[in-house]
Amino acid sequence: MRSIIDIPDLSLAELDALMDRAEDIIARPDDYADACRRKKLATLFFEPSTRTRLSFEAAMYELGGQVISVAGADASSVAKGESIADTVKTVSCYADIIAMRHPKEGAARVASMNASIPVINAGDGGHAHPTQTLADLLTIRREKGGFSGLTVGLCGDLKFGRTVHSLLNALSRYENMRFVLISPEELKVPSYVKSEALKKKNIPYTQETDLERVIGDLDILYMTRVQRERFFNEEDYLRLKDSYILTPEKLKKAKKDLCVMHPLPRVNEISVAVDQDPRACYFRQVLYGKFMREALILMLLKEAGTL
Ligand code: NCD
């Protein structure tokens, strides 16, 4: 049974096909309105979420399917000590596909090894978040017309930010990309991500601490939130939380066609005044996430023989 735990579970051809499918759904939503009739998605979210859970649920409804869900660890038998394995074996009896978010790295992998239906990782601790990457890819393709020759700046908490890890994995598959990794010393991209996504493939990248120094070189600026929930102590979080704040003033130094992205939620990293700037792409990015999740659900249910 095929599950999607991280971006390497999808080939480059599949990433492109998912984007094409999402474009077709955008153009012809009525053709998909019954595609998942009488099929059920289970959303198991053991960590806070607004966009990811709602976009999975909205995606399934737009495909004519139905949704069942547990509202967090406290509200399910996990609170009684049930294992992930037993939970997903149970959910496999009720649903056709699972989207799961969990605070522990590797939880979605464990779920996929025990479920008899496809599992989609909707974020596992500080590890990976492949469906956010699908949203990010469609955003870049739509805003920039493609991937070749882009200089991509990733800024903020690159250590714990799982969206950054999955995005680097995906973008490094395209030709002719350059990365500027902008973070405080303590929040650099983990070396396992750098070696898999960048070093193995000889992709050019630099590491910076100063956003203003490099903002003018960028085609994409991907801002991220400092991941408070993954810090071991509050003092470190308080010291680092406002390391980068994007303002209209700083954007004056940026390219006219820069694309500013953020997986959201935003805390302080982008001042709300930036929302008026046509270069702010983050709310379009939210919308594209729903279409990409529709495309992924369709792909996995077809492969599982459910559709
Ligand atoms: C991200 C996440 O959960 O990793 N949010 C999201 O799914 N859009 C980013 C974050 O929480 O900072």
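**View 1. Polar contacts between domain 1 and domain 2.** In this predicted model, 21 residue pairs are in polar contact across the interface of domain 1 and domain 2, both residues of each pair being at pLDDT 80 or more. On the side of domain 1 that touches domain 2, the elements giving two or more residues are helices H1 (12-27), H2 (51-62) and H11 (282-303), together with strands E3 (97-102) and E4 (119-124). H1 gives the most to this side, with nine residues. By residue class, the side of domain 1 that touches domain 2 holds 18 nonpolar, nine polar and eight charged residues.

**View 2. Salt bridges across the interface.** Four salt bridges are found across the interface of domain 1 and domain 2. In a salt bridge between Glu-47 and Arg-230, the closest N and O atoms are 2.9 Å apart.

View 3. The domain assignment of the chain gives domain 1 as residues 7-128 + 286-303 and domain 2 as residues 130-285. A distance of 25 Å separates the C-alpha centres of domain 1 and domain 2. Domain 1 brings 35 residues to the contact, and domain 2 brings 31 residues.

**View 4. Area buried between the domains.** About 2700 Å² is buried between domain 1 and domain 2, and 57% of this area is on carbon and sulfur atoms. Of the area that domain 1 buries against domain 2, 26% is supplied by Ile-7, Met-19 and Tyr-288, which is more than any other three residues supply.

Notes
Residues numbered from 1 in each chain as written. Predicted model: local features only at pLDDT ≥ 70, side-chain atom pairs only at ≥ 80, totals over all residues. Heavy atoms only, no water. Domains from an automatic or database assignment. Contact = heavy atoms within 4.5 Å. Buried area = accessible area lost by both parts, 1.4 Å probe. Salt bridge = Lys/Arg side-chain N within 4 Å of Asp/Glu carboxyl O. Polar contact = N/O pair within 3.5 Å; in protein donor to acceptor, adjacent residues only side chain to side chain. Helix = DSSP H or I, 4+ residues; strand = E, 2+ residues; numbered from the N terminus. Nonpolar A, V, L, I, M, F, W, Y, C, P; charged D, E, K, R; others polar.
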